Amino acid sequence: MANEEDDPVVQEVDVYLAKSLAEKLYLFQYPVRPASMTYDDIPHLSARIKPKQQKVELEMAIDTLNPNYCRSKGEQIALNVDGTCADEASTYSSKLMDKQTFCSSQTTSNTSRYAAALYRQGELHLTPLHGILQLRPSFSYLDKADAKHREREAASEAGDSSQDEAEEDVKQITVRFSRPESEQARQRRVQSYEFLQKKHAEEPWVHLHYHGRRDSRSEHERQYLLCQGGSGAENTELVKSPSEYLLMLVPPSQEEERDKPVAPSNVLSMAQLRTLPLTDQIKILMKNVKVMPFANLMSLLGPAVDSVAVLRGIQKVAMLVQGNWVVKSDILYPKDSSSPHSGVPAEVLCRGRDFVMWKFTQSRWVVRKEVAAVTKLCAEDVKDFLEHMAVVRINRGWEFVLPHDGEFIRKHPDVVQRQHMLWTGIQAKLEKVYNLVKETTPKQPDGQPGPAGLLSGEQRVQAAKSRAQQNHALLERELQRRREQASGSAVPPGVQIKEEPLSEEGEEEEEEEPAVEEGEPMDTSPGGGRLGRLTNGLPAGWAAGGDGFTGPPPPSGAGPAAQELRAFVEATFQRQFVLTLSELKRLFNLHLASLPPGHTLFSGISDRMLQDTVLAAGCKQILVPFPPQTAASPDEQKVFALWESGDMSDQHRQVLLEIFSKNYRVRRNMIQSRLTQECGEDLSKQEVDKVLKDCCVSYGGMWYLKGTVQS
């Protein structure tokens, strides 16, 4: 009340809104001049505008008779810009800098809160501004001076060179044809700064006529700044409450709201985050952090937030794993998205990541090799899953990134029970999709500490020895049966059958293998890793001797999986006659990825079963003598070749394979002479090329079997 008494209302003024020039009125802001001088006093020589860009150029005269004007400097500038020749295209026709150009720039893109006011006879008339332009001096004449200088230098250099050389040399011109522009490249070009500048330059100028303040046309146009409606009833825009009227005069800034991001992505602003609804806050935090204890989440949301509401919101965007919250897969991989590494759709990625999360509910440790073997996803996708929620430990696997939060589990048993039911449903779905066998949590022996699912090194050794003893008898019986079937002929001389000893050291090394992270995702059946360590990758007794080949063993089974595998192997070797075991496993993984979920081949194919099928399909193993310093892995050193395909080149390929069973790399002339010697005829270049193309690759002037070259 005291403030109102000190500041009484002196006069009330009627306000009118004029609309006649609402879409045409601009405010020009000139550079500061002395108060005694106005821009209206300076002659405006010309004016032009680009309406779309709201860009204006004004050309104004300079008072050359003013005592402050330096005439010599003006003449020098005119000479630099136009040179000595004066024509119609000259910037300064009087050979004196007698004019100056002002170019506009926008001060703000939102002028809805600005208006021009005209006070007349106790009435205030407001006209909204369409644009506010600041006029600044343009120094384009300096660019013209530089261009003239470069032209003069180029002309003088050309004159000197013409005096030295009577005739110009012939120059070679390279013609290039541009490639068809892709849609992505076109969008980048359209959004580039160079394209926008070019587009702005292409807009034509519209020339204007300038009328001074005292001009009769200006007086006529100034009348449009007054509201044309005589009564207030026609001025319906101002028949509003005081608050609505104020909102019309000063609307909220749309520019600030448009520039404000909808949700933080990489760097979170906590002040801005707290302006969002609680559910959105939780979702954004979990999407960025991936894994978080409930206590940390509460501390980020602030002490005033209700924990019950947070519990309700967190269960919509995250799952409970070892007492900690892990963001749901569909939050990270929304519908219609795909993997940046392999292009796999979001549905498959969510399923694979759910499998990793479920594995961490069973144990603190997960092996990437096992995840890749089950999900059939590429190594990059699996690594992304694990990096979201685990850290790698050398020679052990991936450990869950946070410790077990037993305090949350004790405080919220109802939430834990609900999450357990959700995980039970997810487990049933995963078992159906991936054809998994129901797993049980491994029991800890008495006196062995540690959480469930985490085995010590001694326990691994004991488990390996127990499995080896159980499988040893079965292997012996299988070996004896195959020896009896092959007893028609004696063992060739020089062949030594190597059997793998069962020692504690060997078993310990063998059990540590599953924890190595870069393993191949093929050994999904029990015992696959052990069988892969026998002689040449095959069980003892199957290895052949001096000729460098292994004969086919009897078929290992006639089930649906074996038949499907046999069909895949035969079709693959008909297309590619020579394959290493590593390349064959890669092709098999690609084949599995193309099969529908629940296919019979997802039951688990071991290295041994794959090699048995290859040998049973009429292929032989080529014992290539790799150099001692080779960097090839064991699977890359196992080379298999189709022995008979039924075409005319079988004999030629067999001779070639015999050569590579004794040589790691061979020259072409040696191969051609050996083929001529063995086949008894001179082979044409086309026939030799066909055999080499089927089985070999050339590198550094030498020929290698496919898959064996080490660059």
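## A loop residue at the surface

Phe177 lies in the loop between helix 3 (140-164) and helix 4 (183-190), where helices (H or I, at least four residues) and strands (E, at least two) are DSSP runs numbered from the N terminus. The structure is a predicted model, in which local features need pLDDT of at least 70 and side-chain atom pairs count only at pLDDT 80 or more, while totals for chains, interfaces and linings use all residues. Residues are numbered from 1 along each chain as its sequence is written, and side-chain values use heavy atoms, with hydrogens and water left out.

With a relative accessible area of 75%, Phe177 is exposed; in this scheme buried means under 20%, exposed over 50% and partly exposed in between, for a 1.4 Å probe and protein chains only. Together with Ile173 and Val175, Phe177 makes a nonpolar surface patch of about 420 Å². Patches are made of residues with over 30% relative accessible area and no salt bridge, like charges being joined within 9 Å and nonpolar side chains (Val, Leu, Ile, Met, Phe, Trp, Tyr) within 5 Å.

## The chain as a whole

The protein chain has 28 helices and 20 strands, and 35% of its 711 residues are buried. Its accessible surface comes to about 44,000 Å², of which 52% belongs to carbon and sulfur atoms; such areas come from the Shrake-Rupley method with a 1.4 Å probe, and for residues only the protein chains shown count as cover. Among contacts (heavy atoms within 4.5 Å) with a separation of 6 or more, 67% are between residues 24 or more positions apart.

## Two nonpolar cores

A nonpolar core is a set of buried Ala, Val, Leu, Ile, Met, Phe, Trp, Tyr and Cys residues joined through side-chain atoms within 4.5 Å. The largest of these has 54 residues, of which Met286, Ile314, Trp325 and Phe360 touch the most other members. Helix 14 (residues 346-362) gives the most to this core, contributing 8 residues. Apart from it lies another core, of 49 residues, which includes Phe588, Leu610, Leu692 and Trp703.

When neighbours within four places in sequence are left aside, Met286 is in contact with Met292, Ile314, Val317, Ala318, Trp325, Val326 and Val327.

## Strand 12 and its partners

Strand 12 (residues 324-327) directs Asn324 and Val326 one way and Trp325 and Val327 the other way, and all of these residues are buried. Strands pair if DSSP finds at least two bridges between them; strand 10 (residues 291-292) pairs with strand 12 in the antiparallel sense over 2 bridges, with Met292 standing opposite Trp325. Strand 11 (residues 318-321) also pairs with strand 12 in the antiparallel sense, over 4 bridges, and Val321 has Asn324 as its bridge partner. The hairpin of strand 11 and strand 12 has 2 residues between the strands, and there Gln322 takes a positive phi near 55°.

An open sheet of 3 strands has the order 13-15-14, with antiparallel pairing. Strand 13 (365-366) and strand 14 (390-393) are at the edges, each with a single partner strand, so one side of each is left without a neighbour in the sheet. Strand 14 is joined to strand 15 (residues 397-400) by 4 bridges, and the two run antiparallel; Val392 has Trp398 in strand 15 as its bridge partner.

## Salt bridges

A salt bridge is a side-chain nitrogen of Lys or Arg within 4 Å of a carboxyl oxygen of Asp or Glu, and by this rule the count comes to 19. In one of them Glu570 pairs with Arg566, the closest N and O atoms being 2.7 Å apart. Both residues lie in helix 22 (residues 560-575), 4 residues apart, about one turn of the helix; Glu570 is partly exposed at 36% relative accessible area, and Arg566 is partly exposed at 29%.

Glu583 and Arg586 also meet in a salt bridge (2.7 Å, N to O), and because they are 3 residues apart in helix 23 (residues 581-593), about one helical turn separates them. Asp689 and Arg668 meet in a salt bridge (2.7 Å, N to O) as well. This pair links distant parts of the chain, Asp689 in helix 28 (residues 685-695) and Arg668 in helix 27 (residues 668-679) being 21 residues apart.
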